[in-house]
Amino acid sequence: MKTTVGSLEGSRQNLFISGAFVAPRSGQYIDSFDPTTGKPWYQFAEAGAEDVGAAVEAARAAFANPAWRRMTQTDRGRLVRRLAELVLEHADELALIETRDNGKLLKEMRAQMRAMPDSYTYFAGMADKLLGDTIPVNKLDMLNFNLREPIGVVGMITPWNSPLMLLTGTLAPCLALGNTVVVKPSEHASASTLALAELIMEAGFPAGVVNVVTGTGAVAGDALTRHPGIAKLVFTGSTATGRRIAANAAENLIPCSMELGGKSPHVVFGDVDIDHAVNGVVSGVFAAAGQTCVAGSRCFVEASVYDRFVEALVERTKRVRVGLPMLEETDIGPLALSAQLAKVEGYVASGVRQGARIAAGGRRPQAAELAGGWYFEPTVMTDADNGMDFMQEELFGPVVGVMPFSSEDEMIRLANDTRYGLASGIWTRDINRALRFARNVEAGTVWINTYRASSFMSANGGFKESGYGRRGGFDAMEEFSRLKNVVIDYSGAMQDPFIIRLR
């Protein structure tokens, strides 16, 4: 991999189409900003509709190319496994690129990059284990079966908070199945996806199997979601953008898989170790500076331990170290965007106006070494009400609202009183209560006495306005394949052309 943080500094990065890096037709490039300084550090190509069209046509050609189309499932699995080896080999450099691009902790990005190859390996092993079905019919001289085959060209629009990890969850099964892909990474974090494109070439994938078009969502993203050559769209991001993408996809009658916003409930009962639960809540909302769709940003605490819990949570929050993401001792780094920082500040201010109280944090840190960066202190808001704006809207920042509840029924009502349904968590020693919560909460993922634990071997996704479709596990292979029914008459003759014989 030629791309490094050093080579990116001050550079212009091109589009990746049909196995080569090419300049955009417009000749235009866009600055990418370092969240720790607020200053640009490289430029990426601004793709237009023609560039996107070229990428889709390259993917369509690759899908029809016998070098890919006729490749055996086992050989496809070998290619995906080789990509896993290369990602692991370059994990530290990929982590460094993402930290520089989006401000997330280097130690977290290293952990992600070193774990990511396991996902490629998992789906590589599934490439030659996808089975069809033989279906019985009421005619002995008929054979009726289903084939599962790749769906075609998949368009993927990825977010800025964990670009490669979230891309991997869909790219790995797509490649294992034999699909081809056009990726439009976020305009706020494109570098690591372009670096991955180099590894895809090095692994030996045919040209055009994976293409990367950078640029804005309004232009490149819109062109991708409207292109008639796309067979399926994948999107991770806001619910508002998801609606627009779904509307575009509907024009071409193509399916989508979407992971959208979240406002996840994090519930604490009085029968648990308070310090243990506090650590879980801190991890659930402040990790990655709160920039995760599953952040447990609504915390409901049983009234009998509410005061004690809040005291412990505030004390623990004040010990969270805000700092430069490259440093090992840092707990949370900057927000990825200046607009995101302004959004978080606005919601905290509105919470105060609506009656909530800032018990910890609530402002930009004052340390001189953080000046100019997009940092915000981890923040605890008490006297919260579930109807307040900051308790209903996705902040995507290090802010948690805390409020008490008196009964299990009230807790379930509060937990489900949101238009989102991505994730949820509960802390209790009562297994019956935990299972009732898992049954009754409206969320695609339920964590019990833990939070943010995930596996590429498990299907995950959202309910309600948090999206639809599933990623991970065998379900991902079904998401990116299609069924074809085949019927064979081996009787030797059609007895009556006007009678339907297959029942």
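## Helix 4 and its neighbours

In this predicted model, the buried residues of helix 4 pack against helix 3 (66-69), helix 5 (91-102), helix 6 (106-126), helix 7 (163-177) and helix 8 (191-203). Those buried residues are Arg76, Gly77, Leu79, Val80, Leu83, Ala84, Leu86 and Val87. Helix 4 itself covers residues 73-89, 17 residues in total. From first C-alpha to last it reaches 25 Å, close to the 24 Å expected at 1.5 Å a residue.

| Helix pair | Axes come within | Crossing angle |
|---|---|---|
| Helix 4 and helix 8 | 9 Å | roughly 130° |
| Helix 7 and helix 8 | 10 Å | roughly 45° |

Take helix 4 and helix 8: their axes cross at roughly 130°, so helix 4 counts as oblique to helix 8. The crossing is right-handed. On the helix 4 side, the contact uses Leu79, Arg82, Leu83, Leu86 and Val87, and these meet Leu196, Leu199, Ile200, Glu202 and Ala203 in helix 8. Sort the residues of that contact and you get 8 nonpolar, no polar and 2 charged.

On to helix 7 and helix 8. Their axes cross at roughly 45°, so helix 7 is oblique to helix 8. Helix 7 also passes helix 8 in a right-handed crossing. Pro163, Leu164, Leu167 and Leu171 of helix 7 make this contact with Ser192, Thr193, Leu196 and Ile200 of helix 8.

Definitions and conventions:
Residues are numbered from 1 along each chain as its sequence is written. This is a predicted model: local features need pLDDT of at least 70, side-chain atom pairs count only at pLDDT 80 or more; totals for chains, interfaces and linings use all residues. Side-chain values use heavy atoms; hydrogens and water are left out. Helices (H or I, at least four residues) and strands (E, at least two) are DSSP runs, numbered from the N terminus. The expected span of a helix is 1.5 Å times one less than its number of residues. Buried means under 20% relative accessible area, exposed over 50%, partly exposed in between (1.4 Å probe, protein chains only). Contact means heavy atoms within 4.5 Å. Axes are lines fitted to C-alpha atoms, for helices over the stretch in contact, and angles run from 0 to 180 degrees between N-to-C directions. Angles under 35 degrees count as roughly parallel, over 145 as roughly antiparallel, 65 to 115 as roughly perpendicular and the rest as oblique. A crossing is left-handed if the near helix is turned anticlockwise from the far one by less than a right angle, and right-handed if clockwise. Ala, Val, Leu, Ile, Met, Phe, Trp, Tyr, Cys and Pro count as nonpolar, Asp, Glu, Lys and Arg as charged, and the others, Gly among them, as polar.
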